[in-house]
Amino acid sequence: MKWTLGKEELAPRRRLIRCVPLAIAAIAVLTLLTACADAEEPVVTPLSAEEISGERLWERITDESDYTTWGFWPDHDGYQPGQAPHGPVHRIFVNRPLLSAVPLAERETPNGSVIVKENRSGDRTLNGYTVMAKVDGFAPATGDWFWVNYAVDGTIRAEGSVGGCISCHSGMRDNDYIIAYPLDRTVQ
Ligand code: HEC
């Protein structure tokens, strides 16, 4: 039995070995492209009252469950005209646990519901994000919502039980503090 290979015998093997990383790279690129083509909202465990923070929620809505893979309220998709203080144009993204739960006869959203609102100027320039996350036990007196106002780069402007957010959204307390969409609405 021969244990070493001559130069001529090695050459084709080297070529083959060089092809392997290329093939792996090609497969990786293809997988990535397919993943992007039908990016699906991943299933994630809701953040707990101990875990929740503006920083942690930012990770959740960008890395772990990119909010742009979420859906919109029925009949409220894409860019919509909005009101102060959120700016004249917005997009409201609603995560799957909430979107798949509507219509909600009791108008009570499930734990783990997250709504991301992009706040934009009239020319659609993004100015920041306002986010509501439902966290069991976080703030029972105000619907257990965790509120955050982020700058475009994720810098936190306000977080937690933010008085300003709550005072305005309290007008819709009987719709679980949600203004743009009646939770019990049935869409044909
Ligand atoms: C002066 C009133 C007011 C204040 C203060 C306010 N909002 Fe809103 N918010 C609204 C209105 C009105 C809407 C409905 C969409 C629209 O018209 O822009 C809304 C919509 C939202 C939505 C989409 C879900 C929904 O309720 O329809 C989120 C998320 C949100 N606001 C988060 C916040 C956060 C976080 C803060 C505090 C940093 C805040 N808001 C402060 C008035 C307010």
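Here are some questions and answers on a predicted model of a protein chain with a ligand.

Q: How many helices and strands does the protein chain have?
A: Let's start with the overall layout. From the N terminus on, the elements run α-α-β-β-α-β-β-β-β-α. The secondary structure comes to 4 helices and 6 strands.

Q: Which strands are the edge strands of the sheet?
A: The sheet is open, has 6 strands and shows antiparallel pairing. Its order is E1-E2-E3-E4-E5-E6. An edge strand pairs on one side only, and that applies to E1 (80-81) and E6.

Q: Which residue in E4 is the bridge partner of Ile115?
A: E3 and E4 pair in the antiparallel sense, over 7 bridges. E3 covers residues 114-120 and E4 covers residues 126-134. In E4, the bridge partner of Ile115 is Met132.

Q: Which element supplies the largest share of the largest nonpolar core?
A: This core has 28 residues, and among those touching the most other members are Ile52, Leu57 and Phe146. Helix H2 (54-64) and strands E2 (89-94), E3, E4 and E5 (145-150) each supply at least two residues of the core. The largest share is 5 residues, and it comes from E5.

Q: Which residues does Val116 touch, not counting residues up to four places away in sequence?
A: Val116 is one of the core residues that touch the most other members. In general, nonpolar side chains tend to be buried together in soluble globular proteins. Not counting residues up to four places away in sequence, Val116 touches Ile61, Tyr67, Phe93, Tyr129 and Val131.

Q: Within what arc do the buried residues of H2 fall, seen down the helix axis?
A: The buried residues in H2 are Gly54, Leu57, Arg60 and Ile61. They line one face of the helix, because seen down the axis of H2 they fall within an arc of 120°.

Q: Which exposed residues does H2 carry on the face turned away from its buried side?
A: On the buried side, what covers the buried residues of H2 includes E3, E4, E5 and E6 (156-160). The face turned away from that side carries the exposed residues Glu55, Asp63 and Glu64.

Q: Which element gives the most to the shell around the ligand?
A: Of the 24 residues around the ligand, Gly82, Thr130, Cys165, Cys168 and Ala180 come nearest. E2, E3, E4, E5 and helix H4 (163-169) each supply at least two residues of the shell. The element that gives the most, with 4 residues, is H4.

Q: How many charged residues does the shell around the ligand have?
A: Split by class, the shell has 15 nonpolar and 8 polar residues. The number of charged residues in the shell is 1.

Q: Is His86 buried or exposed?
A: His86 is found in the loop between E1 and E2. Not counting residues up to four places away in sequence, His86 touches Lys117, Asn119 and Thr130. A residue is buried if 20 or more other C-beta atoms lie within 10 Å of its own. His86 has 20 other C-beta atoms within 10 Å, so His86 is buried.

Q: How far apart in space are His86 and Gly128, C-alpha to C-alpha?
A: In sequence, His86 and Gly128 are 42 residues apart. In space, C-alpha to C-alpha, the distance between His86 and Gly128 is 9.0 Å.

Q: Where does Pro103 lie, given that the peptide bond from Val102 to Pro103 is cis?
A: The peptide bond from Val102 to Pro103 is cis, with omega near 5°. The peptide bond from Ala84 to Pro85 is cis too, with omega near 5°, and Pro85 lies in the loop between E1 and E2. Pro103 lies in the loop between helix H3 (96-99) and E3.

Q: Is Asp75 buried or exposed?
A: Asp75 lies in the loop between H2 and E1. Its phi is positive, about 65°, although Asp75 is not a glycine. Because Asp75 has 9 C-beta neighbours inside 10 Å, it counts as exposed.

Q: What is the value near which phi of Arg107 lies?
A: Arg107 lies in the loop between H3 and E3. With 17 other C-beta atoms within 10 Å, Arg107 is partly exposed. Phi of Arg107 is positive in a residue other than glycine, near 55°.

Conventions. Residues are numbered from 1 along each chain as its sequence is written. This is a predicted model: local features need pLDDT of at least 70, side-chain atom pairs count only at pLDDT 80 or more; totals for chains, interfaces and linings use all residues. A nonpolar core is a set of buried Ala, Val, Leu, Ile, Met, Phe, Trp, Tyr and Cys residues joined through C-beta atoms within 7 Å. A residue is buried if 20 or more other C-beta atoms lie within 10 Å of its own, exposed if 12 or fewer, and partly exposed in between; C-beta atoms are placed from the backbone. Two residues are in contact if their C-beta atoms, placed from the backbone, lie within 7 Å. The arc is that of the directions from the helix axis to the C-beta atoms. A residue is near a molecule or strand if its C-beta atom, placed from the backbone, lies within 6 Å of it. Ala, Val, Leu, Ile, Met, Phe, Trp, Tyr, Cys and Pro count as nonpolar, Asp, Glu, Lys and Arg as charged, and the others, Gly among them, as polar. Two strands pair if DSSP finds at least two bridges between them.
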